[in-house]
Amino acid sequence: MIVGLLGQKVGMTQIFEEDGTAVPVTVLRVGPCTVLQVKTPERDGYYAIQLGFDDKPRGKATKPERGHAKKHANAEPKRFIREIRQDGPVDWKEGDVLTVSLFEGISAVDVTGTSKGRGTAGTMKRWGFGGLPASHGVKRKHRSPGSIGATTDPGRVLKGKKMAGHMGNARVTVRNLKVVRVYPEENLLLVCGGVPGPNRGYVIVRQSKKLRSAPQAS
Amino acid sequence: MIPREIQVVEEKFMKKELPPIEVGDYVDVHVRILEGEKERIQVFSGVVIAKHGGGLRETFTVRRIVQGEGVERTFPIHSPRIAKVEIKRRAKVRRAKLYYLRDRVGKAARLKERRHRREELLAMQGNEQSSEAPAESTSQEETS
């Protein structure tokens with residue numbers, strides 16, 4: 001069973017451990033999530049649970065959205081619905097409400113979010129290229145990528161060449177973030193370090209993949 | 001605006017009572033230092049030249065002169081490593097950051113002492129418990 005929940009990034013701050021070390025933390029509002037559907041190999045070909053987070057006003061939800069939430073879980077339509085893939089049958093049923101207390105005792109999590117969109121970005125911002133010199137005859141090319149390939153051989157630009165283009169607004173997973181605190185009363189989860197996306201952006205929080213694979217290896 | 005959830009989290013780690021530090025105060029900062037198993041207190045005394053940030057992340061910067069060399073240390077005000085802050089004297093200052101002291105040497109780096117209002121004296125006494133009572137009378141003698 002893989003513990004995973006949906007949530008929202010609240011923002012960052014720092015907290016002090018008892019010995020005085022300041023820990024940079026991201027505050028996540030995680031859960032309560034309703035199990036909207038349980039997927040099984042017989043019906044769907046794989047194990048997963050479909051979770052919904054944050055109620056959506058009925059007037060704003062489409063009729064299929066309302067119907068889906070009501071039919072399976074007898075719940076309000078949700079704003080953020082994602083599946084958590086499972087490796088086997090789960091104890092949770094449709095209509096169960098999962099809270100952040102599931103993460104108590106879990107030391108690290110993977111957090112998936114949508115990174116902040118940067119629009120069309122040049123190679124210096126997007127890939128960390130150095131650009132061209134500021135002087136020595138360089139004119140109007142200071143942020144250019146320079147050469148993008150050789151000459152007649154190969155006679156084309158290689159696939160995957162890092163170039164300017166759209167940056168951000170993509171699905172990003174940060175792995176193995178340490179769980180610093182869990183506050184079930186307030187539905188808050190504190191993880192050490194940053195999380196992709198803007199404040200109030202939706203995130204998927206799962207128990208860390210590294211932790212999951214470790215017991216199997218031993 | 002700070003989200004409510006952040007405030008909730010920060011409140012759990014904030015100190016209940018903060019030393020009433022202001023910019024221009026001459027302070028003794030008692031810092032807890034862990035050396036292996038043992039813990040001891042080190043005192044850093046100087047002038048508060050800046051306060052920065054808010055909430056749990058508020059810090060203050062103390063400047064002192066050590067062997068003719070200016071030394072500044074910035075302390076997180078809510079850090080458990082700050083055992084105590086004693087306010088020795090208060091100075092009359094007209095700005096929030098006293099960075100101009102960095103360019104001053106010797107006598108020019110002094111600040112004009114401020115006569116305390118009654119409630120401030122009480123606050124300082126509360127902060128330092130017993131030791132302040134005799135010091136209070138002497139400072140009044142000096143000013144009169």
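Modeller: The model is predicted, so local features need pLDDT of at least 70 and side-chain atom pairs 80 or more, while totals for chains, interfaces and linings use all residues. Residues are numbered from 1 along each chain, chains are lettered from A, and side-chain values use heavy atoms, without hydrogens and water.

Biologist: Why is Met163(A) called partly exposed?

Modeller: Buried means under 20% relative accessible area, exposed over 50%, and partly exposed in between, with a 1.4 Å probe and protein chains only. Met163(A) has 33%, so Met163(A) is partly exposed.

Biologist: Where is Met163(A) placed?

Modeller: Met163(A) sits in the loop between α3 (123-127) and β9 (165-167) of chain A.

Biologist: What makes the nonpolar surface patch?

Modeller: Ile148(A), Val157(A) and Met163(A) make this patch of about 200 Å². Like charges are joined within 9 Å, nonpolar side chains within 5 Å.

Biologist: How many residues line the largest pocket?

Modeller: The lining has 16 residues; Val47(B), Arg63(B), Arg64(B), Ile65(B) and Ala109(B) lie nearest the centre. β2 (38-52) and β3 (59-66) of chain B each give two or more.

Biologist: What makes a pocket?

Modeller: On a 1 Å grid over the protein atoms alone, a pocket is an open set of points with protein on both sides within 12 Å along at least five of seven lines; lining residues have an atom within 4 Å of a point. About 320 Å³ of space lies in the largest pocket.

Technical notes:
Patches are made of residues with over 30% relative accessible area and no salt bridge: like charges are joined within 9 Å, nonpolar side chains (Val, Leu, Ile, Met, Phe, Trp, Tyr) within 5 Å. Accessible areas come from the Shrake-Rupley method with a 1.4 Å probe; for residues, only the protein chains shown count as cover. A salt bridge is a side-chain nitrogen of Lys or Arg within 4 Å of a carboxyl oxygen of Asp or Glu. Helices (H or I, at least four residues) and strands (E, at least two) are DSSP runs, numbered from the N terminus. On a 1 Å grid over the protein atoms alone, a cavity is a set of points where a 1.4 Å probe fits but cannot get out, and a pocket is an open set with protein on both sides within 12 Å along at least five of seven lines; lining residues have an atom within 4 Å of a point. Grid points are joined across faces, edges and corners, and a volume is the space filled by probe spheres set on the points.
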